[in-house]
Amino acid sequence: MQRRYVSIWFRHLLTDRWVIRNPQQKDIPFVLASPERGRMVIKAASPEAEKLGILTGMVLADARAVLPDLQVFDDKPGLAEKLLSGLAEWCLRYTPVVAADIPGGLILDITGCAHLWGSERAYLKDITSRLRGSGYDVRAAVADTIGAAWGICRYGRITPLIETGTQKQALATLPPAALRLEEPTLERMHKLGFYQIGSFIDLPRSVLRRRFGQPLLNRIDQALGYMQENITPVRPVEPYQERLPCLEPIRTAPGIEIALKALLLPLCTRLGTESRGLRKAVFRGYRMDGGIQMIEIGTNSASCNPEHLFKLFQLQISTLRPDLGFELFILEAPVTENLDAVQKSLWSISGTGGLTEIAELLDRLTGRGGMDIVHRYLPDEHYWPERSIKTATSLAENPQTAWRTDRPRPVSLLPQPELIQVAAPIPDYPPILFRYKGAVHHIKKADGPERIEQEWWIQEGLHRDYYCVEDESGARFWIFRLGHYGANNPQWFIHGFFS
Amino acid sequence: MEQTATKNDIFEKLQKQIFSLQGFNAPTQGKHVNFGLGPVEQSFPNHVFPTGAVHELVSSSPVDAAATTGFMAALLGKLMHAGGLSLWISRKRTLYPPALKFFGIDPDRVIFIDVKNEKDLLWMTEEALKCQALSAVIAEIKDMDLTASRRLQLAVEQSRVTALLHRMNPGTMGNTACAARWKITPIASFLADDMPGVGFFRWDVQLLKVRNGESGKWQIQWKAGRFDHLKIMIHKTTDKDLLKTG
């Protein structure tokens, strides 16, 4: 398909924004200035100021001489870039590939998009009229290449619509500056009398290269489409994305739900045919006033079930703030995974689709409680009790080693061992009584010790001698002594309760 | 004599009808779970441990809680014997997963949900109980009123999932719609001939309340993967306390 690009030029980006923010400044000449090398330099001049001969780049003192009552405001560095990226986000409603073209412009890759608006003329008119409506003085042009669209947008006089393959004729009458050339090259061209692109574009390439260097040839090739030119989209294009522009702005929850369902169905069908499932999905609503609202869901296992995904989104729909209404919805699946048909057979679950049902249940639970609430444990090859389990990364992960049952382990383990006071008269024997939380427990029966050494490659420290003890009332505890008996009064800890 | 016999038959039939209306269905051949609880099961309607129902287990101290957790794990082991997954929903979990293996459960077949606030706990338990694919759901819920327990009961009547609710230090102990209320406390283990060491886990199992059944008190030992009823004669409880709760 022939690629088509739109170039948008904001002629007075900064001052237009200033007027939008401060409407009383309209029709008054003013400039935005900032200090540079010890003097104030004009960074942006309003259209009225430009009419009076005050141009960007002038020193403020000179401008004051021309117009004594000129109003001056501070220019914030980096504002233009921020504004452009915001405007680029806004333009995402026209095409998924939008790039900021610093300074003062945007590039849109509209390949295959314009027919949704009827024609390129209507498409371009919609963009420009809406940007003008919000207060920006813009020009736009559409062409086969970025270079041609850029030149026509800024210097074109006849039509902003350049038909496929006619960029050479369209550029012929424009000044060389329309080719995005460097200042020295332009000066040299001016000296040589090249006032129009048409007067040198057909010269032999070797001649042009000798006089003006390779950059000129590159620019010509880019404008004519002989050379590929890449843009960096403001938002990377997701491979799994569905868009739904709305005729009328949508403000109600039922309306949003219908839109969401309409987007989920094609996305899930597409994922299903590629036997993939999504792990994460983002639903964005583009508001009339330019605001973007989004909700996000995550799943515990790859899913392409529209009803289930809809339920997950439904919990959050109430957090969207439509204000004046949404005019575009985008559903993206940034993270997808292969759907495994074999997953179900890993566990012997009664009934079909049991695992899917459980995965969907977990999605609902995490949707409410947060992604970090679900834990599943696998055995880990460590003797140290706290380290003998590791969290599983997925529902389908199987244990690599067997669960050990050769040594007793308590059913309830304290998160931190707690210090106890003991009476232990005989070395390497369990204590005869201990005090825990104010209560004294007389030990009647005991098993042990089980010595668990520190794993020196992880951590250094003393070993633990564990005893399983039972007191007179039948309560069973897991207690340990840290280090050897006798060596500077060892400490005792309680670490768990047996059932 | 004959007349009384037929009368008893009619009574039994009617009683069974009432049970089935109340949700105590006699287990079908395939789904029957053998708990091996012995005389304890006699207290339940139809003399069968009710699966697909909500059980609550009450504990008041960390020691009792550990015993209760052990008993629950033992029940869960029986429920998960045929395979499947279960959910363990709790807020401040102290359970040490490897210990489940001692009760016949592969710890990797239990999914732990560590909820951050009490309010979500009930919602999540109800949501989990609606999922038929689970073998059982264990929830550590501190406080629950009649309405909440009814919601859980309605959920399990649909899905036939067994729910074990562990109520640690409950603030109030009001009426609930649960099928049974248990209290498990540890008792001293026993070793023959004064052998050194700690014996098999022994519990004092009390059924404080049983819907359409009798309460009672037993001593049970967990031995080699099954419940072992100790034939120590305990008088059929006619305690005033138990009558009050019943």
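Visitor: How many of the 10 residues of helix 8 of chain A are buried?
Guide: This is a predicted model. Helix 8 of chain A spans residues 183-192 and lies largely in the open. The reason is its count of buried residues, so the number asked for is one.

Visitor: Which residue just after helix 8 of chain A takes a positive phi?
Guide: The phi in question is about 90°. The residue that takes this value just after helix 8 of chain A is Gly193(A).

Visitor: Which residues in helix 10 of chain A meet helix 6 of chain A?
Guide: From helix 6 of chain A come Ile146(A), Gly147(A), Ala148(A) and Gly151(A). The residues of this contact divide into three nonpolar, three polar and one charged. On the side of helix 10 of chain A, the residues are Arg219(A), Gln222(A) and Ala223(A).

Visitor: Is Pro160(A) buried or exposed?
Guide: Pro160(A) sits in the loop between helix 6 and helix 7 (167-172) of chain A. Leaving out residues up to four places away in sequence, Pro160(A) touches Leu124(A), Ala140(A), Ala141(A), Val142(A) and Ile152(A). A residue counts as buried if 20 or more other C-beta atoms lie within 10 Å of its own. Pro160(A) has 20 other C-beta atoms within 10 Å, so it is buried.

Visitor: Which element of chain B gives the most to the side that touches chain A?
Guide: The contact involves 45 residues of chain B and 46 residues of chain A. Elements of chain B that each supply at least two residues include strand 3 (110-114), helix 3 (118-129) and strand 7 (201-210). The side of chain B that touches chain A divides into 30 nonpolar, seven polar and eight charged residues. With nine residues, the element that gives the most is helix 2 of chain B.

Visitor: Which residue in strand 3 of chain B stands opposite Val374(A)?
Guide: Strand 12 (residues 374-375) of chain A pairs with strand 3 of chain B in the antiparallel sense, over two bridges. Opposite Val374(A) stands Ile113(B).

Technical notes
Residues numbered from 1 in each chain as written. Chains lettered and ligands numbered in written order. Predicted model: local features only at pLDDT ≥ 70, side-chain atom pairs only at ≥ 80, totals over all residues. Buried ≥ 20, exposed ≤ 12 C-beta atoms within 10 Å, placed from the backbone. Helix = DSSP H or I, 4+ residues; strand = E, 2+ residues; numbered from the N terminus. Contact = placed C-beta atoms within 7 Å. Nonpolar A, V, L, I, M, F, W, Y, C, P; charged D, E, K, R; others polar. Pairing = 2+ DSSP bridges.
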